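Please open the structure in your viewer and keep the selection tool at hand. The stops below say what to select next and what is found there.

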Amino acid sequence: MSQDPEQVIIGVDPHKLSATIEVVDRNEQMLGSGRFTTDKAGYAAMRRYAKAWPDRIWAVEGANGAGRPLAQRLLESGERVVDVPAKLAARVRLFDTGHNRKTDARDAHSIAIVAVRTKTLRVLQIDGELEALRLLTDRREALTRRRVQTVDRLQALLAELLPGQAKRDITTGQAKAMLASVRPRDIAGKTRRRIAAEELADLVTIEAKMKKATAELKALVIARGSRLMDIHGVGPVVAARVLADVGDVARFADRNRFASWTGTAPLDASSGEQNRHRLSRAGNRRMNHMIHIAAVTQLRLDTEGRAYYRRKRAEGKKPLEAMRCLKRRVSDAIYRQLLEDAPDTAHDADTGPGGHCGASQESSAVDSHPLIDTSDQPLPGPATTTLRPRPPTRKR
């Protein structure tokens with residue numbers, strides 16, 4: 001994609017019910033702006049407004065989060081769309097003259113400026129397989145949460161029906177046996193047992209749906225030609241989440257960048273004679289959770305990961321520090337496997353608005369929005385007081 005001087009960038013601040021846009025040229029001069037609803041009529045009006053600039057690129061903030069519905073609609077309409085990470089837009093807004101005052105118009109302006117200045121933004125493309133993986137993985141995670149809630153309610157009822165016989169990790173078979181062993185005669189006990197039986201039926205249904213979703217995820221991962229499941233601790237759910245969130249692994253320059261994105265790269269916290277690192281809370285926390293699951297699974301089995309963990313413990317590292325080392329090792333293994341699974345083709349796709357080559361099918365804005373508090377911002381100086389001075393007290 002050549003950098004045409006007449007090319008414009010349309011920064012989009014998306015919300016559920018509205019979208020605020022600002023149109024800027026390559027010199028960052030504002031050419032237009034507007035606020036549109038996200039329903040059918042508002043979307044059509046926004047498209048008509050944008051047709052005034054034939055050579056246009058849409059820059060959507062959080063195209064893998066809040067901006068996903070709008071970004072997908074634009075892609076289906078044949079528009080060129082790039083993803084602007086929320087962190088980059090926040091940095092532009094922080095150093096703007098508005099002193100980080102957040103409005104939809106300022107957000108759209110910051111998003112457009114990021115798209116003009118950044119050469120490494122990725123062009124979004126429609127990928128049906130990755131979209132299916134994302135939908136099924138989200139569905140599987142929702143079922144997992146429902147299962148936990150159902151099990152909690154069932155255990156609470158069983159603890160009242162059978163005091164002292166509660167189990168920590170109860171199965172459907174154990175729950176059935178426990179219910180069959182109790183026959184209350186009072187109305188409260190009968191009601192309690194009936195509700196417990198209904199919760200058990202719901203649990204059986206949820207587990208059946210989870211099993212079906214896992215089988216579908218496994219089939220999609222294999223059909224995509226990925227061998228992530230060859231890594232110990234990486235099952236269909238973890239592999240599908242990695243593929244759906246990573247998209248094109250070529251957007252990471254090396255394993256260190258990938259580890260920073262997954263939150264497994266520790267931060268240097270050395271001071272004076274003390275040399276240490278601390279846990280990083282940055283990055284994609286969902287991916288960090290997937291890697292944590294793989295690491296814990298490796299510890300339970302006789303794997304190289306468990307041997308590596310024990311070596312780190314023998315070197316004097318604490319359990320949490322050794323676990324961080326293992327998670328970083330798992331992150332490197334996942335990155336290496338993604339590179340091996342990637343097709344060995346030249347990046348001849350369209351470049352981004354800044355001339356970046358190598359488009360991705362997925363967005364990078366899966367990370368949480370940056371938490372910027374007043375204590376994190378450099379203050380320009382003493383603020384002008386808005387309170388009236390207190391009148392001096394009169395001595396009697």
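**A buried charged pair**

Begin by selecting Arg47 and Glu79, both of which are buried, a word used here for under 20% relative accessible area, with exposed meaning over 50% and partly exposed in between (1.4 Å probe, protein chains only). This is a predicted model, in which local features need pLDDT of at least 70 and side-chain atom pairs count only at pLDDT 80 or more, while totals for chains, interfaces and linings use all residues. Residues are numbered from 1 along each chain as its sequence is written, and side-chain values use heavy atoms, with hydrogens and water left out.

The side chains of Arg47 and Glu79 meet in a salt bridge at 3.0 Å, N to O; the term stands for a side-chain nitrogen of Lys or Arg within 4 Å of a carboxyl oxygen of Asp or Glu. Arg47 belongs to helix 1 (residues 40-50) and Glu79 to the loop between helix 2 (68-76) and strand 5 (81-84), so the pair ties together parts that are 32 residues apart in sequence. Helices (H or I, at least four residues) and strands (E, at least two) are DSSP runs, numbered from the N terminus.

**Further salt bridges**

Next select Glu160 and Arg192, whose closest N and O atoms are 2.5 Å apart in a salt bridge. Because Glu160 lies in helix 5 and Arg192 in helix 7, this pair also ties together parts that are 32 residues apart in sequence. Glu160 is partly exposed, at 48% relative accessible area, and Arg192 is partly exposed as well, at 26%.

Then move to Asp302 and Arg306, which form a salt bridge at 3.6 Å, N to O; Asp302 is exposed, with 72% relative accessibility. A network of salt bridges can be displayed by selecting Arg68, Glu131, Arg134, Asp138, Glu141, Arg241, Asp245 and Arg286.

**The nonpolar cores**

Now select Leu133, Leu228, Val242, Val246, Phe258, Ile334 and Leu338, the residues with the most contacts inside the largest nonpolar core, which has 36 residues. Such a core is a set of buried Ala, Val, Leu, Ile, Met, Phe, Trp, Tyr and Cys residues joined through side-chain atoms within 4.5 Å. Helix 12 gives the most to this core, with nine residues. A second, separate core of 20 residues includes Val8, Val60, Leu70 and Leu124.

**An annotated helical stretch**

Finally, select residues 196-223, where UniProt, in an unreviewed entry, places a "coiled-coil region"; UniProt positions follow the numbering used here, feature names are shortened, and annotations may be inferred rather than shown by experiment. Over residues 196-223 the chain is 100% helix and 0% strand, with its end C-alpha atoms 41 Å apart.
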